[in-house]
Amino acid sequence: MYDIIGDIHGHADELVSLLEKMDYRETNGCFRHENRTAVFCGDFVDRGPQIPDVVRIVKAMVENEAAQAVMGNHEFNALAYHTEDPTTPGVFLRPHHEKNKIQHAKTVEQFSEADLQEALEWFATLPPALDMGVIRAVHACWDSAGIATINDAIARYGAYTPEFLVHATDRLDPLFAAVERVMKGPELALAEGVTVTDKEGNARRRVRIRWFDAPDNYTLNTYALPAELSLTADRIPATAPAVPYPDDAPPVFVGHYWLPEAVPQPLKHNVACLDYSVAKHGLLCAYRFDGKAKLSADRFVTVPSRDRKDVP
Ligand SMILES: [Mn+2]
């Protein structure tokens with residue numbers, strides 16, 4: 001059976017606490033459980049204080065078959081950030097402008113150049129999604145067409161090579177849209193002049209959405225994920241980029257959404273997000289899958305962020 005783990009973002013102490021809480025033990029440099037497998041939903045790097053430690057722990061678990069992992073948008077961004085545009089020397093496929101530099105700064109600071117290179121090589125082996133039959137895992141959105149597009153490109157270019165990354169960062173290329181949807185999730189454009197503030201303090205003109213539900217029973221403020229109470233309760237345009245997740249499909253686990261709640265619960269009976277904002281005074285979160293297709297709030301396990309203000 002599987003223990004699925006959300007965004008870690010360089011919080012290695014919390015990761016070790018969570019693994020130990022679930023009875024994983026470290027032997028020969030690798031955490032493992034005698035009869036369970038960990039599944040990581042991506043976003044190992046950026047933001048936190050112990051990024052190389054997180055990468056070392058997760059990579060050892062994956063390489064020793066104690067865990068599986070999918071790529072998060074932060075690993076994808078790191079690959080593009082460190083890959084030069086083959087046609088324009090000195091220019092990188094993810095531009096080195098201020099916002100991107102700040103988002104990735106802690107990773108660059110904490111790794112030696114050689115260790116960063118090794119980490120990037122490992123990121124390039126991570127699949128965009130995992131389908132184990134009984135469960136599925138993806139960083140942001142289970143978009144079957146997008147996942148197929150990415151897997152086809154991996155087969156064609158041989159992993160996330162510079163050639164793959166050139167196409168994946170070209171806004172006019174179908175691979176760009178596929179990566180956006182699968183690793184970053186579909187987003188809904190807000191009306192002219194309306195913005196929301198994200199966790200990094202950036203004003204955004206688009207919101208992340210409950211892609212797994214059709215928008216019919218929601219209004220704009222509740223269709224946003226997490227809910228954005230600053231938005232109006234307007235109807236949602238029928239063109240909203242939903243990817244409704246079938247009621248009879250196996251449970252799918254995602255990270256990515258920075259959920260603020262203190263008590264995790266499934267987003268619906270077969271969809272759960274495991275990102276409870278450990279990088280912003282929240283929780284590191286896992287789901288202990290017990291074989292039941294209907295997800296349940298009592299299967300979540302959490303560890304508070306060490307920098308939580310309300311915990312001594
Ligand atoms: Mn994240």
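Author: Happy to! Let's start at N73, which is placed in helix α3, residues 73-81. Helices (H or I, at least four residues) and strands (E, at least two) are DSSP runs here, numbered from the N terminus. This is a predicted model, in which local features need pLDDT of at least 70 and side-chain atom pairs count only at pLDDT 80 or more, while totals for chains, interfaces and linings use all residues. Residues are numbered from 1 along each chain as its sequence is written, and side-chain values use heavy atoms, with hydrogens and water left out.

N73 has a relative accessible area of 8% and is therefore buried; that word means under 20% relative accessible area, exposed means over 50%, and partly exposed is in between (1.4 Å probe, protein chains only). Which residues does N73 touch, not counting those up to four places away in sequence? They are D43, H139, M183, K184 and H256, where a contact means heavy atoms within 4.5 Å.

One of those partners, D43, leads us to the metal. The manganese ion is coordinated by D43 (OD) together with D7 (OD) and H9 (NE2), at distances of 2.1 to 2.4 Å. Along the chain these donor residues follow the spacing D-x1-H-x33-D. D7 sits in the loop between β1 (2-5) and α1 (12-21), and D43 in the loop between β4 (37-40) and α2 (51-63), so this pair ties together parts that are 36 residues apart in sequence. Donors are N, O and S atoms within 2.8 Å of the metal (3.2 Å for Na, K and Ca); water is not among the atoms, so sites may look incomplete.

D7 and D43 are both buried. H9 is buried as well, with a relative accessible area of 3%, and is found in the loop between β1 and α1. Its backbone deserves a glance too: H9 has a positive phi of about 45°, although it is not a glycine.

A positive phi turns up at A159 too, about 60°, and this residue is not a glycine either. A159 belongs to the loop between α6 (144-157) and α7, and at 29% relative accessibility it counts as partly exposed. Helix α7 covers residues 162-168 and contains E163, which is partly exposed at 47% relative accessible area. E163 and A153 are ten residues apart in sequence, with their C-alpha atoms 9.6 Å apart in space.

For your backbone checks, there is also a cis peptide bond between L225 and P226, with omega about -5°. P226 lies in the loop between α9 (220-223) and β12 (252-254).

Now the wider picture. The protein has nine helices and 16 strands. With 312 residues, a compact globule would have a radius of gyration near 20 Å, and the 19 Å of this protein agrees; the value is taken over C-alpha atoms, and the globule rule is 2.2 Å times the number of residues to the power 0.38. Buried residues make up 54% of the 312. Of the contacts with a separation of 6 or more, 64% join residues 24 or more positions apart.
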